[in-house]
Amino acid sequence: MALDYWHRYGTDTVGIDLMIRFCKRFQEIYVYGAMETQRLLAKYLRAAQMPFAGFIISWAGQAQELGELDGYPVYTPPDVPKGGCPGVLVAVEERNYNDIVPLLVHNGLYDFFFVNELNRFAVAQKMRPAARDFFWFEVNIVEHCNLNCQMCDHFSPIAPEQYISLKELEKEIGRMAQLMGGECRAVKLEGGEPLLHPQLNEIIRMIRSHFPKGIIYLYTNGLLLKKWETHPNGNLWETCRACGVDISVTEYPIPLDYGELRQLAAKYGVSYNDVTSRDKNGVKFSFHHPFDLTGSQEPYHFINCFCFNNCVTLRDGKIYPCSVLPNSHHFVDYYGKELAAGEGDFIDIYQAQSFEEIAEFTANRVPFCRYCNVKARKAYDWKQSEKDIREWT
């Protein structure tokens, strides 16, 4: 696939659980190291409501020069306060362990935990605000769908028929382009099924006018692609070619000739990407994203969420750090359940002063994360939705 979704590499969930279990044993937690990776690990610990107290480094001169990082003190091992029952997360390369462990033990720091390489990297990737040339966001231009898959994380099977207003979308895209200086890695058009929107050609051309260099991804189940060649509102394939759109198709086990669609893409010189989620046997699966309706999920779980700081979503003039949260109102409306989304769960693009403010927001846990039972997520064979609440709980 042209856009590597796994750039914010998945965490080792067992390793995260063990690290948090270690942290909970102590009144104070210190991170050994003071480079960007360790600072982002400390940022995660604070978001996870762990008792982070400061950084430890080996060189006294550097510790004195730094004084503090991100508002927290930097110590050398002899200077770490011992009264707070400290635990130390060693978050450096393994080749340095033989030097660090004797130094910690010699200075009375006997309790330490080695953060594995995968989690050192993955936590930093998830907690790091994206640069504008690596930042993408998605927008639902249609709420409903013509296929209605079970467990849809956009809740399309239970969403009303609704199309985004071209005028309102242009206002929002214009504001994002203003904040980002017209630079963006990608804008993703999603739904529902975006090919249901009669003004799709106009939407694509409008986005390209605001973001002349970024990639535009059009996500679709493919059911309407052939019809758009002779659509009353214009040939979508020609628009995609002219605007450099990548058509990203999820290929479902339905009677549709996807080979024919590939040939159609080749005919028009349009990029066709198969973005289907399949198991090792090539079978299409759906991913279950269950809610915890009690809102009692522990804060640290958010780091294991694939959507976090990866499926950044623009909706109604607001940016959200994932795609489940801004679409959850369909669940609330359809089943009459309460999921309290509030102002802390989004950033208003008209009040944000810079792109950097938005990027920093999306790299932080929001209160709504307490409703997402990340550890219970599981893949199931694909089928169409029966609109049973258990598809989302």
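Two residues are in contact when heavy atoms of theirs lie within 4.5 Å of each other, and by that rule Ile 216, leaving aside its neighbours within four places in sequence, is in contact with Val 187, Leu 189, Ile 204, Ile 207, Arg 208, Gly 244, Val 245 and Asp 246. The structure is a predicted model, in which local features need pLDDT of at least 70 and side-chain atom pairs count only at pLDDT 80 or more, while totals for chains, interfaces and linings use all residues. Residues are numbered from 1 along each chain as its sequence is written, and side-chain values use heavy atoms, with hydrogens and water left out.

**Nonpolar cores**

- A nonpolar core is a set of buried Ala, Val, Leu, Ile, Met, Phe, Trp, Tyr and Cys residues joined through side-chain atoms within 4.5 Å, where buried means under 20% relative accessible area, exposed means over 50%, and partly exposed lies in between, with a 1.4 Å probe and protein chains only.
- The largest nonpolar core has 113 residues, and those with the most contacts inside it are Met 19, Tyr 44, Leu 45, Leu 89, Phe 137, Met 176 and Leu 189; its largest share, 7 residues, comes from helix 6 (residues 166-180).
- A second, separate core of 12 residues includes Tyr 30, Ile 56, Tyr 97 and Leu 109.
- Not counting residues up to four places away in sequence, Leu 89 touches a set of residues including Met 19, Phe 22, Leu 41, Leu 45 and Phe 113.
- In soluble globular proteins, nonpolar side chains tend to be buried together.

**Two helices and their surroundings**

- Helices (H or I, at least four residues) and strands (E, at least two) are DSSP runs, numbered from the N terminus.
- Helix 6 has 15 residues and reaches 21 Å from its first C-alpha to its last, close to the 21 Å expected at 1.5 Å a residue, the expected span being 1.5 Å times one less than the number of residues.
- The buried residues of helix 6 include Leu 166, Leu 169, Glu 172, Arg 175 and Met 176, and the buried residues of this helix pack against strand 7 (136-140), helix 7 (200-210), strand 13 (313-315), strand 14 (318-320) and helix 12 (355-362).
- Just after helix 6, Gly 181 takes a positive phi of about 60 degrees.
- Helix 2 (residues 36-47) has 12 residues and reaches 16 Å from its first C-alpha to its last, close to the 16 Å expected.
- Among the buried residues of helix 2 are Gln 38, Lys 43, Tyr 44 and Leu 45, and what covers the buried residues includes helix 1, strand 1 (28-32), strand 5 (86-90) and helix 12.
- Just after helix 2, Gln 49 takes a positive phi of about 65 degrees.

**Single residues**

- Ile 216 sits in strand 9 (residues 215-220) and is buried, with a relative accessible area of 1%; Ile 216 and Gly 244 are 28 residues apart in sequence and 7.2 Å apart in space, C-alpha to C-alpha.
- Ile 20, in helix 1 (residues 13-23), counts as buried at 1% relative accessibility, and, not counting residues up to four places away in sequence, Ile 20 touches Tyr 44, Met 50 and Tyr 300.
- Thr 250 is found in the loop between strand 10 (245-249) and helix 9 (258-268), and counts as buried at 15% relative accessibility.
- Asp 70, in the loop between strand 3 (68-69) and strand 4 (72-75), has a phi near 55 degrees, a positive value in a residue other than glycine, and is partly exposed, with a relative accessible area of 38%.
- The peptide bond from Gly 191 to Gly 192 is cis, with omega near 15 degrees, and Gly 192 is found in the loop between strand 8 (186-190) and helix 7.

- On a 1 Å grid over the protein atoms alone, a cavity is a set of points where a 1.4 Å probe fits but cannot get out, and lining residues have an atom within 4 Å of a point; grid points are joined across faces, edges and corners, and a volume is the space filled by probe spheres set on the points.
- A search of the whole structure finds 1 cavity of 30 Å³ or more, and about 160 Å³ of space lies in the largest cavity.
- Of the 17 residues that line the largest cavity, the closest to its centre are Phe 302, Cys 305, Cys 322, Cys 369 and Cys 372.

Definitions and conventions: On a 1 Å grid over the protein atoms alone, a cavity is a set of points where a 1.4 Å probe fits but cannot get out, and a pocket is an open set with protein on both sides within 12 Å along at least five of seven lines; lining residues have an atom within 4 Å of a point.
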